[in-house]
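Welcome! Have a look at the picture, then read on.

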Amino acid sequence: MPNTWFKAVGEDTDGAFALLEYQMTYDIPAHTHLREHENLYVLEGSVTMRIGDDEFSAGVGDFVFAPRGVPHAITATSDAPPRFLTVCSPSGFEHFMEDLMEALAAGHDRSSPEVAAVREKHGWIPG
């Protein structure tokens, strides 16, 4: 299950953005957000990022912008799990993470119909 700490949510920012701290517990496969931009600031560890056709490394202190509508993926490259501050704008991504964590805690795996329904509900398209 992902380790996620919500620092600010849409209720706090009048819907402008959500801020969360996130520790990767698995590689994040290619996906596209239809509703929000995702901004990542690496706090610990390192990753390989793929955004559209570009692939690059990101480590502590690096900032990455994944625009809405552009496929992206994150692969851990450090021994310790990478940790990020993530700003999603507008807000709403926090509800995806809440629903995803709830589905995973209920025992559904990432390939289950229940998790697919969470992705669809929140405009998160695999691939």
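Is Arg50 buried, partly exposed or exposed, and what is its relative accessible area? Arg50 has a relative accessible area of 37%, so it is partly exposed; buried means under 20%, exposed over 50%, and partly exposed in between, with a 1.4 Å probe and protein chains only. Please keep in mind that this is a predicted model, in which local features need pLDDT of at least 70, side-chain atom pairs count only at pLDDT 80 or more, and totals for chains, interfaces and linings use all residues. Residues are numbered from 1 along each chain as its sequence is written, and side-chain values use heavy atoms, leaving out hydrogens and water.

**Strands side by side**

- Strand 5 (residues 46-51) pairs with strand 8 in the antiparallel sense over five bridges; two strands pair if DSSP finds at least two bridges between them.
- Helices (H or I, at least four residues) and strands (E, at least two) are DSSP runs, numbered from the N terminus.
- Along this pairing, Val47 stands opposite Ala76, and Thr48 stands opposite Thr75.
- Strand 8 (residues 72-76) is also joined to strand 3 (residues 28-33) by two bridges, and these two run antiparallel.
- Here Ile28 faces Ile74, standing opposite it.
- Strand 5 has six bridges to strand 6 (residues 54-59), again antiparallel.
- Two residues lie between strands 5 and 6 in their hairpin, where Gly52 takes a positive phi near 60°.

**Salt bridges**

- The structure holds five salt bridges, each a side-chain nitrogen of Lys or Arg within 4 Å of a carboxyl oxygen of Asp or Glu.
- One of them joins the side chains of Arg50 and Glu55 (3.7 Å, N to O), and Arg50 also stands opposite Glu55 in strand 6.
- Glu55 has 54% relative accessibility, so it counts as exposed.
- Lys7 and Glu21 meet in another salt bridge, at 3.3 Å from N to O.
- That pair links distant parts of the chain, with Lys7 in strand 1 (residues 3-8) and Glu21 in strand 2 (residues 18-23), 14 residues apart.
- Lys7 is partly exposed at 48% relative accessibility, whereas Glu21 is buried at 14%.
- Glu44 forms a salt bridge with Arg83, with the closest N and O atoms 3.0 Å apart.
- Because Glu44 lies in strand 4 (residues 37-44) and Arg83 in strand 9 (residues 83-89), the pair ties together parts that are 39 residues apart in sequence.
- Lys7, Glu21, Glu44 and Arg83 are linked in a network of salt bridges.

**Aromatic rings**

- Two aromatic pairs turn up in a search of the whole structure.
- The rings of Phe93 and Phe96 have centres 5.5 Å apart and planes at 35°, so this pair is tilted.
- Rings of Phe, Tyr and Trp (its six-membered ring) pair if their centres lie within 6.5 Å; planes under 30 degrees apart count as stacked, over 60 as edge-to-face and the rest as tilted.
- Phe93 and Phe96 both lie in helix 2 (residues 93-105), three residues apart, about one turn of the helix.
- Phe96 and Trp124 form a stacked pair, 5.5 Å centre to centre with 15° between the planes.
- Phe96 is in helix 2 and Trp124 in strand 10 (residues 124-126), so the pair ties together parts that are 28 residues apart in sequence.
- Both Phe96 and Trp124 are buried.
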